[in-house]
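This report describes a two-part subject in plain terms. Please look at the sequence and the structure below, then read on.

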Amino acid sequence: MTRKRRRLVVLLACLAGLGTATGLALSAFSSSIVFFVTPTDLATRPPADARLVRLGGLVQQGSVRHALADGHPLVRFRVTDGHDSILVSFSGILPGLFREGQGVVVQGRLAPGGTFEADQVLARHDSAYMPKALVEALKKRGLWNPSAGPPPPPATWDTMRIPTRSGG
Amino acid sequence: MASHAVVFEPTPANSRGPGLHRFANPGRFLRLSEALLPWLAAAAILLGSAGLLWGAFFAPPDWQQGQAARIMYVHVPAAWLALSGYVALALCSAVSLVWRHPLADLAAAEIGPVGAAFAAICLLSGSLWGRPMWGAWWVWDARLTSMLLLFFLYLGHIALVRAFDDPTRGYRAGAILALIGIVDLPIIHFSVVWWNTLHQGNSISLFSAPSIYISMLWPLILATLGYSAGFAAIVLARLRAAVLERRIASLLLAQAVHAEHASFAAAGAPAQ
């Protein structure tokens with residue numbers, strides 16, 4: 001074995017060891033790397049104290065209620081993961097992407113009554129990028145309702161014909 | 001292998017060995033890169049500006065993000081180049097550790113700042129994008145945090161390579177750091193798959209149709225080609241300068257030694 005060959009073997013062995021160690025560490029810490037918990041997580045394992053948690057899911061269709069509390073706008077909506085849902089109340093400015101069916105991550109505390117009192121609402125959008133006209137075409141043909149969930153698989157988009165290409 | 005163990009002094013045309021050794025010859029590198037550089041620079045300017053202008057003015061706005069989605073044409077290619085630049089950095093580091101090629105050392109040292117700049121563009125444009133869309137400049141989710149770590153790895157490499165009086169030791173230490181840091185690359189890529197994050201999933205993957213409509217995908221592809229050519233052009237130009245700098249330094253050294261010998265000879269001392 002030449003010196004170069006030996007260095008190569010040592011290097012590959014070190015990288016394999018490092019990769020394994022990192023993989024093991026990440027899988028061990030996996031539950032604390034998640035950015036948010038789902039309503040099902042929160043229902044099955046409610047936090048013992050009133051600690052700050054992030055709850056993620058979709059804004060349930062037809063659940064958004066706007067109200068005024070002490071002259072401040074207050075919004076209530078349910079966050080769902082399709083299995084469980086939790087009522088969220090939030091007083092503040094909602095992000096521009098907030099709508100029914102949109103993914104959100106709300107940060108706050110679970111109040112004793114079971115309501116989640118949020119002090120921050122972040123919008124989460126999916127990885128589909130498409131022009132408005134395509135969405136209109138999909139909606140018109142009954143293939144997708146944006147407030148009901150994620151868009152259909154992109155492989156089907158090619159069969160869509162966009163009626164008019166608007167530049168702006 | 002040992003028969004053509006490369007003597008890497010700046011004098012050109014020493015290795016005539018097979019395989020990759022041909023390209024590690026600094027003289028050949030200088031000739032090749034001189035021919036390549038104008039083409040790369042032209043491709044970077046043409047493709048890059050075509051992609052960015054197309055994305056900024058002619059691509060349709062996104063159905064839900066509107067005009068803000070145009071930040072994608074700056075952000076996504078920068079992220080990809082920061083990642084692939086790190087792959088190049090790690091490859092150079094492996095070549096430097098195993099085969100001890102000085103050209104790989106110089107290349108690693110020159111890739112570092114360019115990769116850091118692209119990672120910074122990615123982080124800044126992402127922050128500008130996140131505020132209007134998500135409602136936060138920054139969140140500590142797995143994707144953003146692992147990308148920030150990549151930026152710090154680049155910065156650490158830049159500092160470490162230049163931290164030693166003996167450059168060889170700096171190159172060695174930098175190469176080890178770069179190879180350790182490579183575990184961050186799969187973490188960045190799969191962070192949005194393995195854990196839930198605020199950042200959305202990958203729009204483009206090897207095994208499925210991209211979830212970007214074709215009229216928005218073309219400018220992204222052009223911009224990415226332009227960014228790639230630009231990355232390569234900047235690194236090549238820096239590397240040429242570094243090789244030439246080294247060559248000048250050794251010529252000056254040779255000249256000084258020669259002058260010293262001459263003065264010894266003139267003084268009647270035995271030239272050693």
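Read from the N terminus, the elements of chain B follow the order α-α-α-α-α-α-α. Chain B has seven helices and zero strands; helices (H or I, at least four residues) and strands (E, at least two) are DSSP runs, numbered from the N terminus.

The model is predicted: local features need pLDDT of at least 70, side-chain atom pairs count only at pLDDT 80 or more, and totals for chains, interfaces and linings use all residues. Residues are numbered from 1 along each chain as its sequence is written, while chains are lettered from A and ligands numbered from 1 in the order in which they are written.

Of the 272 residues in chain B, 40% count as buried. A residue is buried if 20 or more other C-beta atoms lie within 10 Å of its own, exposed if 12 or fewer, and partly exposed in between, with C-beta atoms placed from the backbone. Two residues are in contact if their C-beta atoms, placed in that way, lie within 7 Å. Among contacts in chain B between residues at least 6 apart in sequence, 69% join residues at least 24 apart.

Two helices of chain B, α3 (residues 102-133) and α7 (residues 214-266), pack at an angle of about 140° with their axes 9 Å apart. Axes are lines fitted to C-alpha atoms, for helices over the stretch in contact, and angles run from 0 to 180 degrees between N-to-C directions. Residues in this contact include B:Leu106 and B:Phe118 of α3(B), and B:Phe231 and B:Val243 of α7(B).

Chain A is divided into three stretches by an automatic or database domain assignment.

| Domain of chain A | Residues |
|---|---|
| domain 1 | 3-32 |
| domain 2 | 34-124 |
| domain 3 | 126-168 |

The C-alpha centres of domain 1 and domain 2 of chain A are 40 Å apart. Helix α1 (residues 3-28) of chain A has 26 residues, which should span 38 Å at 1.5 Å a residue; its end C-alpha atoms are 37 Å apart, which agrees. The expected span is 1.5 Å times one less than the number of residues. The number of buried residues in α1(A) is zero, so this helix lies largely in the open.

Where the chains meet, the contact takes 37 residues from chain A and 39 residues from chain B. On the side of chain A that touches chain B, the largest share, eight residues, comes from α1(A).
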